[in-house]
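Hello,

Here is the structure I promised to pass on. Could you have a look when you find a moment?

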Amino acid sequence: MLRSAERPLGRLQVGAFWRARRTQASLVSGDKDSGQPSLVSANNERTQPPRRPRSLQAIYLKPLKREAEFGIPSCDLQLRSFSIQPLEFFADFALRAAYYLGLPAYGPIPLPRITERWTVPKSHFIFKKAQENFERVTLRRMIQVKDGNPETVQLWLAYLRKHQYYGVGMKANMWEFGQTGVGRTMELPQDQLKELESSWSHLGQTKNIGTAREVEGLLSSRRFQEVVGSSRPQGAAGGK
């Protein structure tokens with residue numbers, strides 16, 4: 001004769017039953033147990049919290065960039081550091097500053113690392129085989145600005161130099177383009193060239209020594225004789 005034996009519920013079944021009751025209770029209670037903030041209006045209606053400002057939301061997004069119209073390079077900014085965190089942080093800061101100044105900036109472009117190694121002996125004399133190796137790796141990123149006004153680029157570099165992050169070095173190469181025929185405007189009139197000849201005649205090999213009498217007076221001067229006499233050997237005095 002078969003008997004129906006009652007078995008106790010297993011741990012999994014009890015856990016599933018408890019989760020089901022917990023889910024039903026949370027549905028009945030609403031958002032009381034949730035950690036999301038909510039606002040209650042006068043009609044007891046829950047509303048969403050106010051939206052964050054765009055400037056605050058942009059911090060968590062990638063920096064905005066402007067498109068270049070002609071693609072003519074104006075500046076190449078190279079950032080160097082021994083750590084990756086400050087390098088990426090300052091590169092992001094430079095891109096955001098370029099966007100708000102109206103400069104089309106591209107990057108950051110990873111550049112090859114610079115690896116330097118040194119071998120230093122730990123001890124001296126016969127213990128030269130005990131040496132120690134040191135290594136320094138320099139990380140680099142490049143930001144290129146195209147179609148930028150030279151004054152705006154200088155303002156951008158000055159702003160970055162003012163708020164430069166610690167542990168990050170900067171190196172900038174700038175290009176400026178002028179109109180054709182700039183060499184003609186750099187030519188000076190004849191009157192100014194004559195005035196410059198008098199001052200340039202005293203510089204370097206272009207200095208004019210003078211006439212023969214002036215040369216003889218220079219050689220027979222007391223100062224010249226003292227200099228020549230001090231440079232002669234002791235046995236060469238009196239022309240012997």
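Residues are numbered from 1 along each chain as its sequence is written, and side-chain values use heavy atoms, with hydrogens and water left out.

The protein chain has a mean pLDDT (the predictor's confidence in each residue, from 0 to 100) of 76, and 65% of its residues reach 70 or more. Residues 1-36 fall below 50 and have three contacts (heavy atoms within 4.5 Å) beyond near neighbours in sequence. Where pLDDT is low, the predicted coordinates should not be read in detail.

Now the salt bridges (a side-chain nitrogen of Lys or Arg within 4 Å of a carboxyl oxygen of Asp or Glu): the count is four. One of them joins Arg136 to Glu116, with the closest N and O atoms 2.9 Å apart. Arg136 sits in strand β5 (residues 131-146) and Glu116 in strand β4 (residues 105-121), so this pair ties together parts 20 residues apart in sequence. Strands here are DSSP E runs of at least two residues, and helices are H or I runs of at least four, numbered from the N terminus.

Arg96 and Asp92 also meet, at 2.6 Å from N to O; they are four residues apart in helix α3 (residues 84-100), about one helical turn. In helix α8 (residues 222-231), Glu226 and Arg222 have that four-residue spacing too, and their salt bridge is 3.3 Å, N to O.

Best wishes

Technical notes: This is a predicted model: local features need pLDDT of at least 70, side-chain atom pairs count only at pLDDT 80 or more; totals for chains, interfaces and linings use all residues.
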